[in-house]
Amino acid sequence: MSDNGRGHWQTRAGFVAAAAGSAIGLGNIWRFPFITGRYGGGAFVLVYILLLIFIGYPVMNSELILGRKTEKNPVGAYKALAPGSPWAIAGFMGVAAGFIILSYYSVVAGWAISYIFKSGAYMAAGADTAAIFVGSITSTFGGIFWHTLFMALCIAIVAGGVEQGIEKWSKILMPVLLALLIILIIRSVTLPGAGEGLSFYLRPDFSAFTGEGFLAALGQVFFTLSLGMGAMITYGSYLKKDEDLPLNAKYVVGADTIIALLAGFVIFPAVFAFGLEPAAGPGLTFITIPAVFAQMGAAGHIFGIIFFALLTIAALTSAISLLEVVAAYFIDEIKWDRKKATVIMGIIIWLLGIIPSLGYSTLSHITPIMGMDLLDSFDFVANNILLPLGGLLIAVFIGWFWGTDKALEEANRGASTKLGSSYSFLIKYVVPIAVFIVFLNSVGILG
Ligand code: TRP
């Protein structure tokens with residue numbers, strides 16, 4: 001622990017691992033493929049990559065800058081730089097988004113845990129992986145059980161604190177995940193009929209691309225990079241003052257993007273090879289990946305167990321960043337101790353998560369948004385509304401209130417390649433205008 005008692009990342013590798021650990025999660029392996037499948041494949045991927053570079057990277061820097069400058073949670077960060085102003089509300093929105101996202105994130109992570117134990121079912125001759133998936137999410141008790149287990153793990157780690165908990169857990173496992181993805185890609189792209197999937201994934205066809213797809217790509221950029229709710233403000237607050245901030249931001253964005261793109265190379269060839277539906281929605285990963293394992297003979301069992309264990313861990317290192325935002329707020333601003341903040345807020349989030357968890361069984365008749373089930377609806381509100389809005393606000397705050405000169409000064413201390421006028425331009429104009437237009441478009445005003 002350092003002088004101010006909040007703790008710091010011990011090493012650069014520790015920060016990058018933790019921030020990449022936050023970024024890399026279900027967003028890459030579960031959400032990226034299903035959103036890409038839903039919005040038409042290659043064209044979506046192209047838009048996604050452009051938004052990553054021109055919106056994701058500058059906003060990533062911005063959150064880290066506010067965090068390191070103030071050494072605070074999102075609410076505290078806005079309060080410190082704009083005392084007595086309504087900007088604190090932007091921070092509160094972030095904390096609120098943390099509640100919503102973690103509540104359903106934990107449910108999906110629960111599916112991942114349950115799949116560690118399902119290799120027997122999907123490896124059986126003639127198994128229908130779609131039916132297995134539906135069977136598992138419609139089990140009322142099962143859904144709540146695995147969600148509970150996941151939240152308990154999450155609470156235990158975050159209660160342990162920054163160095164002991166988060167940093168230690170994040171370090172080793174990402175390389176193993178990468179190796180396993182590569183093995184899966186080899187299997188998937190060599191399946192008969194895989195070529196059609198590759199062309200769906202890689203060949204942009206803008207005829208099917210809509211404004212809604214644009215918003216979804218933007219939402220995915222924020223979600224996958226853990227942006228728009230202050231998670232990276234909070235992680236930046238534990239960053240040492242002379243650490244190379246823009247370089248760290250590059251590593252995190254780069255690592256996250258590689259993992260997501262690789263996941264697509266596992267999923268889409270398999271989707272087409274097995275005659276599945278790319279727009280299948282939240283079940284896509286859980287239906288296709290087991291089907292790939294089933295093609296691997298006895299080794300499929302072992303790979304399957306390892307893969308879902310790693311996916312669970314990737315989800316855990318992301319989920320702890322969501323809980324950390326909420327906890328850091330109650331620790332810094334309300335002066336609760338870490339254990340109390342983590343346990344009480346963890347329990348509230350767990351309770352909230354029961355709603356999306358029952359969305360496939362007891363509550364399946366409730367489809368609040370565009371016919372989507374409860375989990376999909378929670379996901380839609382968080383990613384298509386709250387996160388882009390949070391990103392817009394942070395850009396406007398830095399660009400027009402606090403000042404990009406001050407932001408650059410904070411970013412460039414210790415930087416090997418300094419941020420400059422292109423950062424300022426993106427933050428002042430491109431990010432706010434792009435997010436705003438995408439919003440208007442999605443509520444139908446432009447489109
Ligand atoms: N980025 C994580 C993923 O892709 C999810 C996540 C963690 C997140 N922390 C976040 C999303 C903060 C938005 C905001 O799985």
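These notebook entries concern the ligand site and the salt bridges of a predicted model.

**Basis.** I worked from a predicted model, in which local features need pLDDT of at least 70, side-chain atom pairs count only at pLDDT 80 or more, and totals for chains, interfaces and linings use all residues. Residues are numbered from 1 along each chain as its sequence is written, and side-chain values use heavy atoms, with hydrogens and water left out.

**Polar contacts.** I then listed pairs of N or O atoms within 3.5 Å. A ligand nitrogen lies 2.9 Å from a polar side-chain atom of Ser-226. For Ser-321, an N or O atom of the side chain is 2.9 Å from a ligand nitrogen.

**Burial.** I found that the ligand alone exposes 360 Å², of which the protein buries 100% (Shrake-Rupley method, 1.4 Å probe).

**Salt bridges.** I counted seven salt bridges, each a side-chain nitrogen of Lys or Arg within 4 Å of a carboxyl oxygen of Asp or Glu. One of them joins Arg-38 and Asp-376 at 2.8 Å, N to O. I noted that this pair links distant parts of the chain, 338 residues apart: Arg-38 is in helix α2 and Asp-376 in helix α18 (residues 374-402). Helices are DSSP runs (H or I, at least four residues), numbered from the N terminus.

How values were computed:
Polar contact = N/O pair within 3.5 Å; in protein donor to acceptor, adjacent residues only side chain to side chain. Helix = DSSP H or I, 4+ residues; strand = E, 2+ residues; numbered from the N terminus.
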